[in-house]
Amino acid sequence: KKRPAFFKECSEFYKKYVDYVKEEYLLLAKEIVFYLSFYAFENKMRSLGFAFAVPTTDGAQNMFATGLYDLALACVNSAEGKEVTSNDMEYKAGEEFLVVTGPNQGGKTTFARSLGQLVYFSKMGLDVPALAANVHIFTDILTHFSVEESIETGRGKLQEELMRLKPMMEENCTNAFVVINELFTTAANYDAIIMGQKVLQHFIGQNCRGIYVTHLKELTEAHEKVVSMRAMLDEQGKQNHKIIRKE
């Protein structure tokens with residue numbers, strides 16, 4: 001009664017904007033729970049001695065990470081009192097794919113996972129499990145990890161892998177980040193090399209960047225934009241889970 005003009009405007013506003021809503025506010029209400037939960041988790045991991053960094057996203061500089069580690073493995077190992085090995089990586093000018101070879105249980109798959117986490121967390125605006133990092137912006141993340149043969153489908157492992165690769169290679173994946181782990185392990189080496197070369201050449205031709213874990217050293221020479229990295233052994237010939245640039 002004291003301010004009839006104001007409340008008349010309110011009533012007219014409500015009638016005009018009966019479905020008015022800010023989608024950003026609704027999303028924030030849901031997403032803030034996730035981000036607060038992540039940073040609570042991050043603080044817990046920091047208290048256990050694990051590093052996190054705010055990644056830069058400078059496309060004019062080389063993509064790199066120092067002290068990069070697999071966060072999932074860190075959770076498991078911290079509960080069991082085991083150490084987690086960190087690694088460094090960098091894509092220099094003209095380099096698009098890291099091809100990682102080396103002994104079994106040498107940390108190749110763990111390194112690939114940590115690199116996927118680096119890109120994924122950066123895309124979500126989160127801190128990354130590393131000491132420092134500069135991560136380029138990618139349109140998408142494509143992954144292909146080895147799985148066991150499926151009894152239900154009646155297909156062999158090679159056919160399963162090809163069926164899972166097909167949509168990845170048919171869609172427009174320009175400027176995606178690709179993580180491939182141990183493809184074509186059931187094929188003869190000669191066939192696996194030919195197919196692996198074609199997979200690498202395809203994704204490099206699509207202006208993608210990524211990592212390819214394999215037991216085939218020939219794939220380190222599949223393309224001029226491929227970088228060879230190796231899982232190393234210590235002086236006693238045991239795996240030390242360090243991944244370095246090496247022919």
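A salt bridge here is a side-chain nitrogen of Lys or Arg within 4 Å of a carboxyl oxygen of Asp or Glu. The views below come from a predicted model, in which local features need pLDDT of at least 70 and side-chain atom pairs count only at pLDDT 80 or more, while totals for chains, interfaces and linings use all residues. Residues are numbered from 1 along each chain as its sequence is written, and side-chain values use heavy atoms, with hydrogens and water left out.

**View 1. Arg46 and Glu42 pair up within helix H2.** Let's start with one of the seven salt bridges found in a search of the whole structure. The closest N and O atoms of Arg46 and Glu42 are 2.9 Å apart. Both residues sit in helix H2 (residues 23-47), and because they are four residues apart, about one helical turn separates them. Helices (H or I, at least four residues) and strands (E, at least two) are DSSP runs, numbered from the N terminus. Glu42 is buried at 3% relative accessibility, whereas Arg46 is partly exposed at 38%. On this scale, buried means under 20% relative accessible area, exposed over 50%, and partly exposed in between (1.4 Å probe, protein chains only).

**View 2. Asp127 is buried without a salt bridge.** Asp127 belongs to the loop between H4 and strand S4 (132-134). Apart from neighbours within four places in sequence, the contacts of Asp127 (heavy atoms within 4.5 Å) are Phe38, Tyr39, Glu42, Arg46, Phe52, Ala53, Val54, Pro55 and Phe121.

**View 3. Ser122 in helix H4.** Which residues does Ser122 touch, not counting those up to four places away in sequence? They are Pro55, Val128 and Val135. Ser122 is buried, with a relative accessible area of 14%.

**View 4. A salt bridge joins Asp70 to Arg113.** The N to O distance in this pair is 2.3 Å. The two residues are 43 residues apart and link distant parts of the chain, with Asp70 in the loop between strand S1 (63-68) and H3, and Arg113 in helix H4. Is Asp70 buried or exposed? Asp70 is buried, at 1% relative accessible area, while Arg113 is partly exposed at 32%.

**View 5. Glu96 meets Arg209 across 113 residues of sequence.** This salt bridge has an N to O distance of 3.5 Å. Glu96 comes from the loop between strand S2 (87-91) and strand S3 (97-101), and Arg209 from strand S7 (residues 209-213), so the pair links distant parts of the chain. Glu96 is buried, with a relative accessible area of 12%, and Arg209 also counts as buried, at 11%.

View 6. Helix H3 (71-80) and helix H4 (108-123) are the elements that give two or more residues to the lining, and H4 gives the most, with six. By type, the lining divides into six nonpolar, 12 polar and five charged residues. Ala, Val, Leu, Ile, Met, Phe, Trp, Tyr, Cys and Pro count as nonpolar, Asp, Glu, Lys and Arg as charged, and the others, Gly among them, as polar.

**View 7. Thr101 in strand S3.** Thr101 counts as buried, at 8% relative accessibility. Leaving aside neighbours within four places in sequence, Thr101 is in contact with Lys108, Thr214, Leu216, Lys217, Thr220, Met229, Arg230 and Ala231. Thr101 and Ile243 are 142 residues apart in sequence, with a C-alpha to C-alpha distance of 9.2 Å.

**View 8. Positive phi at Asn175 and at Glu182.** Most residues other than glycine have a negative phi. Asn175 has a phi near 60°, in the loop between helix H5 (157-170) and strand S6 (177-181), and is partly exposed at 26% relative accessible area. Glu182 has a phi of about 50° and lies in the loop between S6 and helix H6 (189-205). Glu182 is buried, at 14%.

Note on methods. Lys and Arg count as positive and Asp and Glu as negative; His and the chain ends are not counted.
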